[in-house]
Amino acid sequence: MIQGTSSGAGKSTLVIGLCRAFSDIGYKVSPFKAQNMTSNFFTLSNSTNRIAVIQAIQAFASRNQPDIRMNPILLEPIGDDRSNIFLNGLFVGQMTSEEYYENFVLKQGFSTVLQSLDELRQNNDIIIIEGAGSPAEINIADYDIANMLLAEKICSPVILAADIERGGCFASIVGTLKLLKPDHRLLIKGIIINKFRGDRKLLMQAVRITEKITKKEILGIVPRIEFTLPAEDSLDEIKVRPAKQSPESLDEQVNILASRLKESLDINKIASELLQLE
């Protein structure tokens, strides 16, 4: 599972690149995101069911077909603290955030999430799960089925991504880990520093200090990557919508992400050690 220290940490694009990188190695891969709040939808072929556009792109990156099980809960914000709620692609009603957390997410939504994920796991070698926001949002931790509640339930290893471009990267890493419950902290197997510009040598002292404080390995430093794919959340600039891209152009952008991740991360180590795959 890829979680982030904040919204905009680059979770979605990391998942896109990892889906393609693992597919290139020969694994059968599927993306997954338990719940996604977005206004960018992808309507499945021969159906009116919808998932988030970014999960459809992740499916494409994994050389898989978009599947409703890849994004079982979709929230469309409509203003005034209300959202349209879609479960397995079907509209179930409008809810405030309080109604969603108190009456839906644990009582109805989580079981569907687990069922969808279990079905995907039966047909794939690797499921790359994208978290939402930050696991350190302690005000909603008891309802946060997109992050640590899910990781704990399925015993998923977690990689924490931090955006260094906005500043405060190392503080956000340490702070996120400090705010997590001890059992959840154990699930984090490593950290990725994302969107770096400049000389990596200047980071190494901070990397060593952060590893000493957190007892977590920094698995790699991923550079700022220029691409023309839609961002996941409102903190990121959306450069182009996928409907305006040809399959060839989309494939090229995905390969750019994958190649840069391969340069920055040890993909085989992540597969063999963190994901316990041979």
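This is a predicted model: local features need pLDDT of at least 70, side-chain atom pairs count only at pLDDT 80 or more; totals for chains, interfaces and linings use all residues.
Two packed helices are described by the angle between their axes and the distance between the axes. Helix α1 spans residues 11-25, and helix α2 spans residues 53-61. Angles under 35 degrees count as roughly parallel. The two helices α1 and α2 are therefore roughly parallel to each other. Their crossing is right-handed. On the α1 side, the contact is made by Ser-12, Val-15, Ile-16, Cys-19, Arg-20 and Ser-23. These residues meet Ile-54, Ile-57, Gln-58, Phe-60 and Ala-61 of α2. By class, seven residues of this contact are nonpolar, three are polar and one is charged.

Aromatic pairs were examined next. The structure holds six of them. One joins Phe-22 and Tyr-27. Their ring centres are 6.2 Å apart, and their planes stand at 70 degrees. Planes over 60 degrees apart count as edge-to-face, so the pair Phe-22 and Tyr-27 falls in that class. Both residues, Phe-22 and Tyr-27, are buried.

A further edge-to-face pair is formed by Tyr-100 and Tyr-101. Here the centre-to-centre distance is 5.5 Å, with 65 degrees between the planes.

The backbone was then considered at two loop positions. Cys-155 has a phi near 55 degrees, a positive value in a residue other than glycine. Cys-155 sits in the loop between α4 (148-154) and β10 (158-163). Its relative accessibility is 64%, so Cys-155 counts as exposed. Lys-215 is not a glycine either, yet its phi is positive, at about 60 degrees. The loop that holds Lys-215 runs between α7 (204-214) and β12 (218-223). Lys-215 has a relative accessibility of 67% and therefore counts as exposed. Thus both Cys-155 and Lys-215 are exposed loop residues that lie between a helix and a strand.

Terms used
Residues are numbered from 1 along each chain as its sequence is written. Side-chain values use heavy atoms; hydrogens and water are left out. Axes are lines fitted to C-alpha atoms, for helices over the stretch in contact, and angles run from 0 to 180 degrees between N-to-C directions. Helices (H or I, at least four residues) and strands (E, at least two) are DSSP runs, numbered from the N terminus. Angles under 35 degrees count as roughly parallel, over 145 as roughly antiparallel, 65 to 115 as roughly perpendicular and the rest as oblique. A crossing is left-handed if the near helix is turned anticlockwise from the far one by less than a right angle, and right-handed if clockwise. Contact means heavy atoms within 4.5 Å. Ala, Val, Leu, Ile, Met, Phe, Trp, Tyr, Cys and Pro count as nonpolar, Asp, Glu, Lys and Arg as charged, and the others, Gly among them, as polar. Rings of Phe, Tyr and Trp (its six-membered ring) pair if their centres lie within 6.5 Å; planes under 30 degrees apart count as stacked, over 60 as edge-to-face and the rest as tilted. Buried means under 20% relative accessible area, exposed over 50%, partly exposed in between (1.4 Å probe, protein chains only).
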